[in-house]
Amino acid sequence: MGAASLLAIATACSLALTARGQSPTFSRSSSGDGRCIYSFTVPSPAEERCSEAGEALRAARELQGERAAQRRRLEAVERRLRLLEAAAEAGEGAGGAGLLPRLRAAEQENARLRDARCPGHGDSARGGRQDLFNVPSRKRAPTGREASEWNFESTGYQELKSEIITEIPASKLAPQGESGGTSQSPGCGMLEWVGEPVTFQKADSIVGRYGVWMKDPEPVPPHSMEHIWRINTVGTDIRRLYEYQDLDQFMKGHTSKVYVLPEPVESTGATVYRGSLYYQKRKSRTLLRFEMKSETILVRKDLANAGYRGVFPYSWGGYTDIDFAVDELGLWVIYSTSQAYGAIVISKLDPRTLEVEQTWATAIRKRAVANSFIICGVLYTINSYSNQNAVINFAYNTNTNSSKALAIQFENRYRYNSMVDYNPAEKKILAWDNFNMVMYDIKLSKM
């Protein structure tokens with residue numbers, strides 16, 4: 001076979017092996033007797049797995065470059081930390097209110113409160129009394145001693161993850177300003193017990209998962225204490241206020257009138273009092289008084305510094321930053337401000353003008369409670385909206401400017417309670433629990 005033929009065969013083999021990923025070599029030399037020797041070499045499988053010296057060197061250099069880049073980034077972070085520490089120490093020396101001491105104090109306070117032990121607890125009975133439209137009681141009311149005992153339970157996770165610390169240290173509260181005691185009303189007392197919920201209506205569509213239903217404790221003609229109002233609050237433009245002639249028509253779902261509100265409603269904080277609907281205008285801190293007789297908005301008033309649109313809501317969310325309440329003493333609004341560091345603020349309102357008459361800054365973190373209501377000038381908070389065996393866990397008394405921990409059982413039967421209000425005329429609690437409109441019997445201590 002001639003040299004040309006051998007060269008052609010070697011070239012073809014080389015091309016085929018190269019296509020398979022192998023690296024053949026071809027060499028030519030001369031023998032001593034004048035003949036030409038052609039050598040065609042293919043690496044073994046073991047040799048094929050080894051990198052060439054140049055490739056190994058390149059890989060080593062790349063690793064060294066990556067390590068150098070990581071070292072430079074780490075040094076930059078260390079320089080930033082040193083600058084921050086120097087700035088914090090300079091602030092401490094100049095004004096006595098440096099960043100580091102404040103952070104350390106906050107951490108110590110946090111640790112102290114988390115490690116605090118609660119008093120021993122006991123069980124308290126729950127029940128109802130035969131007082132509400134002939135609804136029979138199923139369990140006895142507790143004695144005063146039983147109702148006063150602490151009984152903290154695990155509340156589980158909330159949708160907005162309630163804070164572990166419910167009370168804000170007094171040193172962090174905004175000044176109370178106009179706060180002062182309120183006069184008591186006949187028939188008032190401290191809450192001792194809440195009965196089981198009785199269901200009167202259930203929403204039949206998703207717009208009624210959250211809502212508010214109301215009765216007027218001091219009605220104005222042509223309305224009476226039998227009338228009931230309802231607002232479904234799921235949606236982006238809530239304007240319909242449904243009116244029912246009495247409880248029977250309410251249970252049947254037969255409306256007597258539908259009002260179309262001039263301004264949309266924000267969340268579930270509305271209430272009815274003396275012939276007017278009081279509510280928060282959507283996407284604002286504006287309070288509105290809608291008179292049902294004339295079907296007009298009589299008063300608009302901004303609630304100064306109040307958080308809105310999810311800044312300081314209850315733990316379940318729902319833009320519940322501003323919440324109206326009515327009790328034996330009149331009209332209230334429950335909210336929070338940046339000046340109060342997210343703690344609940346209570347303001348007593350003039351129902352005609354919506355002017356603030358008095359204000360109290362509590363030590364109860366608003367995001368850490370599921371809802372609240374007021375009875376006889378005392379604010380009560382509920383620890384969970386979804387735990388079936390929830391607890392009324394705190395009370396703030398505007399008459400004495402003091403708060404205390406409680407453990408009054410409160411049942412969220414349908415596990416998503418978005419509205420809780422008190423009706424002082426009937427001494428009942430109304431709530432909206434996951435499509436269901438329910439009512440609770442209560443027991444107050446005698447003054």
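Predicted model: local features only at pLDDT ≥ 70, side-chain atom pairs only at ≥ 80, totals over all residues.
Start with a charge and a ring: the charged end of Lys348 sits over the ring of Trp332, 5.8 Å from the ring's centre.

A pair of aromatic rings is described by the distance of the centres and the angle of the planes. Here, rings count as a pair if their centres lie within 6.5 Å. By this rule the structure has twelve aromatic pairs.

Take Tyr278 and Phe324. Their centres are 6.2 Å apart, with 45° between the planes, and the pair is tilted. Where do the two residues lie? Tyr278 is in strand E10, residues 276–280, and Phe324 is in strand E13, residues 323–327. The pair therefore ties together parts that are 46 residues apart in sequence. Tyr278 and Phe324 are both buried.

Next come Trp316 and Tyr416. This pair is edge-to-face, at 6.2 Å centre to centre and 80° between the planes. An angle over 60 degrees counts as edge-to-face. Trp316 lies in the loop between strands E12 and E13. Tyr416 lies in the loop between strands E20 and E21. So this pair ties together parts that are 100 residues apart in sequence.

Are these two residues buried or exposed? Buried means under 20% relative accessible area. Trp316 has 3%, so Trp316 is buried. Tyr416 has 5% relative accessibility, so Tyr416 counts as buried too.

Rings can also gather in a group. Phe200, Trp213, Tyr244 and Phe250 form one aromatic cluster.

Definitions and conventions:
Residues numbered from 1 in each chain as written. Heavy atoms only, no water. Phe/Tyr/Trp six-rings, centres within 6.5 Å; stacked < 30°, edge-to-face > 60°. Helix = DSSP H or I, 4+ residues; strand = E, 2+ residues; numbered from the N terminus. Buried < 20%, exposed > 50% of the residue type's maximum accessible area, 1.4 Å probe, protein only. Lys NZ or Arg CZ within 6 Å of the ring centre and 35° of its normal.
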